[in-house]
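Subject: Structure handover

Hello,

Here is the structure I promised to pass on. Please open it first, then read the notes below.

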Amino acid sequence: MIDVFCEWFEGEFDNWTQASSNPSKWSHIFISHKKIGKRKYLTKSRYNFAKEPYREQEVSIEFENGLIIVHNPICNMVFESNANHFYGESQNGCEYKGKPF
C-alpha cells in the first residue's frame, strides 16, 4: 500500500479545477514532488504566474499503525487507503500562522 501511495505521490500536479471553481478563494498553483531518497521527497509549490516556488520543503513518508503519514515541517498529513483511493487530512492540532487547519 505505501509503495502505491509513494508512486502516486511523486510527480507534478496543479489545482486548476479547484482554483477555477472558486477563484476568490483558491489561487492556481503548481506542485511538484521529486523523489530524493527512499520515501523522501522535495516538494515545491508555486503560483501559476511565478517562476520560483513560494514554498520548498523536504517530506518523508512512513507507514504507522495502518496509516500513511507524510511528515513535513508545518503539519503532518495522515492518509488511509480505501480500495484504490487514498483519503487524507491534516493531523489533529495543526496550526498555521496561529490558525487551525
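Let me start with valine 70. Leaving aside neighbours within four places in sequence, valine 70 is in contact with Phe5, Phe9, Val59, Ser60, Ile61, Cys75, Asn76, Met77 and Phe79. Contact here means heavy atoms within 4.5 Å.

Some ground rules. This is a predicted model, where local features need pLDDT of at least 70 and side-chain atom pairs count only at pLDDT 80 or more, while totals for chains, interfaces and linings use all residues. Residues are numbered from 1 along each chain as its sequence is written, and side-chain values use heavy atoms, with hydrogens and water left out.

The core

Valine 70 belongs to the largest nonpolar core, which has 10 residues in all: Ile2, Phe5, Cys6, Phe9, Tyr41, Val59, Ile61, Ile68, Val70 and Phe79. Such a core is a set of buried Ala, Val, Leu, Ile, Met, Phe, Trp, Tyr and Cys residues joined through side-chain atoms within 4.5 Å. Buried means under 20% relative accessible area, exposed means over 50%, and partly exposed lies in between (1.4 Å probe, protein chains only). Helix 1, strand 4 and strand 5 each supply at least two of the core residues. The largest share, 4 residues, comes from helix 1. Helices (H or I, at least four residues) and strands (E, at least two) are DSSP runs, numbered from the N terminus.

Valine 59 is another core member. Valine 59 sits in strand 4, residues 55–64, and is buried at 4% relative accessible area. Beyond four places in sequence, valine 59 touches Phe9, Arg39, Lys40, Tyr41, Thr43, Val70, His71 and Asn72.

Helix 1

Helix 1 covers residues 2–9, and its buried residues are Ile2, Phe5, Cys6 and Phe9. Seen down the helix axis, these fall within an arc of 95 degrees, so they line one face. The arc is taken from the directions from the axis to the C-beta atoms. On the other side, Asp3 and Glu7 are exposed. Glycine 11 follows helix 1, with a positive phi near 140 degrees.

The salt bridge

How many salt bridges are there? The count comes to 1. The rule asks for a side-chain nitrogen of Lys or Arg within 4 Å of a carboxyl oxygen of Asp or Glu. Aspartate 3 pairs with arginine 39, the closest N and O atoms being 3.5 Å apart. Aspartate 3 is in helix 1, while arginine 39 is in the loop between strand 2 and strand 3, 36 residues apart. Aspartate 3 is exposed at 55%. Arginine 39 is partly exposed at 26%.

The cysteines

The whole structure holds 1 disulfide, a disulfide being a pair of cysteine sulfur atoms within 2.5 Å. Cysteine 75 and cysteine 94 form this link, with sulfur atoms 1.7 Å apart. The link is right-handed, with 85 degrees about the S-S bond. Both cysteines are buried. Cysteine 6 is buried too, at 8%.

Asparagine 76

Asparagine 76 lies in the loop between strand 5 and strand 6. Asparagine 76 is buried, at 16% relative accessible area. Its side chain makes a polar contact with the side chain of histidine 71 at 3.4 Å. A polar contact is a pair of N or O atoms within 3.5 Å; within protein, one must be able to donate a hydrogen and the other to accept it, and residues adjacent in sequence count only if both atoms are side-chain atoms.

Best wishes
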